[in-house]
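Dear colleague,

My notes on what was found in it come after, with the cut-offs given where each term is used.

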Amino acid sequence: MSAIRQAEPVLSATDASQAGLDRERLLGLYRDMLATRTIEERGNLLFKAGRLPGSYYTGRGNEAASVGVASALGEDDVASPLHRNMGVHVVRGVDPAALFCQYMGRSGGATGGRDSNLRTNDFSPGVGLLAGVSHLPAMIPVITGMALAFQLRREPRVAVGWCGDGAAARGDMHESMNLAGVRDLPIVYIIDNNQYAYSTPNSLSFACEHLADRGPAYGFEGIVVDGTDVLTVYREAARAIEKARAGGGPTLLELITLRMEGHAVHDDAAYVPRSLLEEFTARDPVDRYRAWLQVNQELTDEEQAAIEAEVRATIEKGVADAEASPLPDPDTVLDGVYAVSSQE
Ligand SMILES: Cc1ncc(C[n+]2csc(CCOP(=O)(O)OP(=O)(O)O)c2C)c(N)n1
Ligand SMILES: [Mg+2]
């Protein structure tokens, strides 16, 4: 098995045709990245206004990574996004009202008000989302099992599983990748390397040079990708997904980003060196892609304003609908509970 490779960048390339997408789809990527960021910024404001219970997690800096991968999924493919992957929900068409209901603990949310994190479980065609649980990376064996089911049933479907740089050290990730390599499963593993696991930097997490090195270790390709460049992420994800669909087995994509905010709202991330934050702010995925569109696709101020207005209106409607959604009925508290012990 050959060594890992570094993906050739598209955004810094002058040849726009490398993106392989028409103008409408290129603008669609921008719209989805902007929607991702705007939903999370709106959620932050709602949290500060005391309107979201519990804590609040965002994926600022991960917009290109999430949107780029999700945009390469096929209609019948499945994905297991995590707490930094709002962009996957946006691309797969989850209604913003359902997202805000979930954050607000309302009955219209994915868990009917039982939790306030991103937990969409929806296997309808075009959505195909497996909900995460808090334990990390517990969804990786499950999504690997889905890939095994696709293979056994000879269905031309692909599974995409997400994991963080920190959680990638856990046994479930290694055991799953080993099985996927042995059985040539139709799966793509995404490691969102945002350089921190809570306050732990990569230097205290792993000693190999790249997390993508673990692909060849288990018998498949590992690719390091600039996760702030949506077109490179899209191209590499599309290649890996179509390779898996054609029977070519798994791929590990390591997407390099920076978690541009704290682990959650309570964390000011003072431990992240200012110079690192400045470096990634200068490569902000949304700003970078907008600038690319202006130069390479002649994105006009009017078009940009229209996209912003549409995104803003959709999100404000989502917030209003969520606020109109009731809190869960206490009588439903045991719905979905697996086992209840009754003591007389
Ligand atoms: C098994 C397990 N241990 C600890 C935690 C608490 N925890 C939640 S997120 C997190 C950091 C995860 O870091 P990483 O995998 O890099 O993902 P990131 O949050 O950076 O996207 C930790 C330790 C958990 N959810 N699951
Ligand atoms: Mg991390």
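In which helix does Thr36 lie? Thr36 lies in helix α1, where helices (H or I, at least four residues) and strands (E, at least two) are DSSP runs numbered from the N terminus.

Please keep in mind that this is a predicted model, in which local features need pLDDT of at least 70 and side-chain atom pairs count only at pLDDT 80 or more, while totals for chains, interfaces and linings use all residues. Residues are numbered from 1 along each chain as its sequence is written, chains are lettered from A and ligands numbered from 1 in the order in which they are written, and side-chain values use heavy atoms, with hydrogens and water left out.

Thr36 is buried, at a relative accessible area of 3% (buried means under 20%, exposed over 50%, partly exposed in between, with a 1.4 Å probe and protein chains only). Apart from neighbours within four places in sequence, Thr36 is in contact with Glu63, Val67, Met86, Gly87 and Val90, contact meaning heavy atoms within 4.5 Å.

Helix α2 comprises residues 63–70, and its axis and that of α1 come within 9 Å and cross at roughly 130° (axes are lines fitted to C-alpha atoms, for helices over the stretch in contact, and angles run from 0 to 180 degrees between N-to-C directions). That makes α1 oblique to α2, since angles under 35 degrees count as roughly parallel, over 145 as roughly antiparallel, 65 to 115 as roughly perpendicular and the rest as oblique. On the α1 side, Leu29, Asp32, Met33, Thr36 and Arg37 meet Glu63, Ala64 and Val67 of α2.

The axes of α1 (residues 23–48) and α4 (residues 96–104) come within 12 Å and cross at roughly 30°, and the two helices are therefore roughly parallel to each other. Ile39, Arg42, Gly43 and Leu46 of α1 make this contact with Leu99, Phe100 and Met104 of α4.
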